Amino acid sequence: MSKALKGIAIAVFVFVILTVVGISVTVGWRPFIGSKKRALTDRKFEATPERLKRGAYLAEHVAGCTVCHTPQEETPNGPEVIASKKDSGQVFSIPGLPGTLVAPNITPDRETGIGNFTDDQLARAIREGISHDGRTLFPMMPYTHYRRMSDEDLASVVVYLRTLPPLRNALPRTDIHFPVKYLIRGVPQPVKETVQADLSTPVSRGEYLVNLSVCSECHTPRKRGRPDAKMKFAGGQVFDPSGKMVSPNITPDATGIGNYTEDMFVKAMRTGYLGERQLSTVMPWQFYSGLTDEDLKAMYAYLRTVPTVSHRVDNTKAPTACKKCGEKHGAGDAN
């Protein structure tokens, strides 16, 4: 072999090695080989009155299934779900989404809903992010949070969904743009072990509920499309172009809920009022209002233990640039 050919061969070899290492330490190989997924089983969840009651509570007041899977209409105080179309699915019209995202019909309609899905297909979609037909679900469906849903609570949710009135609502399929449609393949993780909930103390109970309620997803600003870990629960996520509806800080800092009493927190979640100020329905307090006092107090107890972050957000003031979160919101210039 000539020196020139030998040099080219070495260069190609080095390029291949660097490419392999680069992919391994960045996006990984899942975008190319597909998501991790476990084989489906024939398990079926027994329907009991206790599971039906628990499932309704979780789906409608804790995990937010009804909020995302029901079409909404705008009102002066924000979006409201259309009760007659409850859980029949909707196409999200949120600026900046990487394609057409659809929260599917989760009523038992056999043609447009989940009527023909097995219990394990539903379980795998809810906790593991794999659809009934093996597609990777976009993680706007918060399966990374639901992964910690206990086995019993998962069974309860599936049992409850089976009892919903079937509504026919044909929707398009989710269509994610390149390259995001491939990058999300690295998100799903199979759940193969038993999952139990630690409800032994108010704080552990609150942590479980706050996770299932996906509070951190809305109350954490994003950096390069991902939640900013250093600002978890510190607010600053913008929900309208004007910057007038921005999630507040719910860490125990004075700029967050540090001065809230337990009663203030429970009343805000129960009624949608913080003092005399009415909260926007972008914060779905109408659904959280159905939480029991015990659960709301537990959530408050847990939030009092999360790391404190100083970040002032005030939706009663005109939006200004915030160096802390990189967004424009009320009191942004006070940070």
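## Helix α9 and its cover

In this predicted model, the buried residues of α9 are S204, R205, G206, Y208, L209, V210, N211 and L212. That makes 8 of the 11 residues in this helix, which spans 202-212 and is mostly covered. Who does the covering?

In soluble globular proteins, nonpolar side chains tend to be buried together. Here the largest nonpolar core has 42 residues, and the members that touch the most others are M149, F233, M299 and L303. At least two residues of this core come from each of α3, α5 (119-128), α7, α9, α11 (262-271) and α13. It is α7 that gives the largest share, with 7 residues.

Leaving aside residues up to four places away in sequence, M299 touches G206, L209, V210, S213, C215, F265, M269 and L291. There is also a second, separate core of 6 residues, with F92, A103, I176 and I184 among them.

## The second largest pocket

If you are curious about open space, the second largest pocket has a volume of about 170 Å³. Its lining comprises 14 residues, of which H145, N211, S216, K232 and F233 are the closest to the centre. Two elements, α9 and α10, each give two or more residues to this lining. By class, the lining has 6 nonpolar, 4 polar and 4 charged residues.

Conventions. Residues are numbered from 1 along each chain as its sequence is written. This is a predicted model: local features need pLDDT of at least 70, side-chain atom pairs count only at pLDDT 80 or more; totals for chains, interfaces and linings use all residues. Side-chain values use heavy atoms; hydrogens and water are left out. Buried means under 20% relative accessible area, exposed over 50%, partly exposed in between (1.4 Å probe, protein chains only). Helices (H or I, at least four residues) and strands (E, at least two) are DSSP runs, numbered from the N terminus. A nonpolar core is a set of buried Ala, Val, Leu, Ile, Met, Phe, Trp, Tyr and Cys residues joined through side-chain atoms within 4.5 Å. Contact means heavy atoms within 4.5 Å. On a 1 Å grid over the protein atoms alone, a cavity is a set of points where a 1.4 Å probe fits but cannot get out, and a pocket is an open set with protein on both sides within 12 Å along at least five of seven lines; lining residues have an atom within 4 Å of a point. Grid points are joined across faces, edges and corners, and a volume is the space filled by probe spheres set on the points. Ala, Val, Leu, Ile, Met, Phe, Trp, Tyr, Cys and Pro count as nonpolar, Asp, Glu, Lys and Arg as charged, and the others, Gly among them, as polar.
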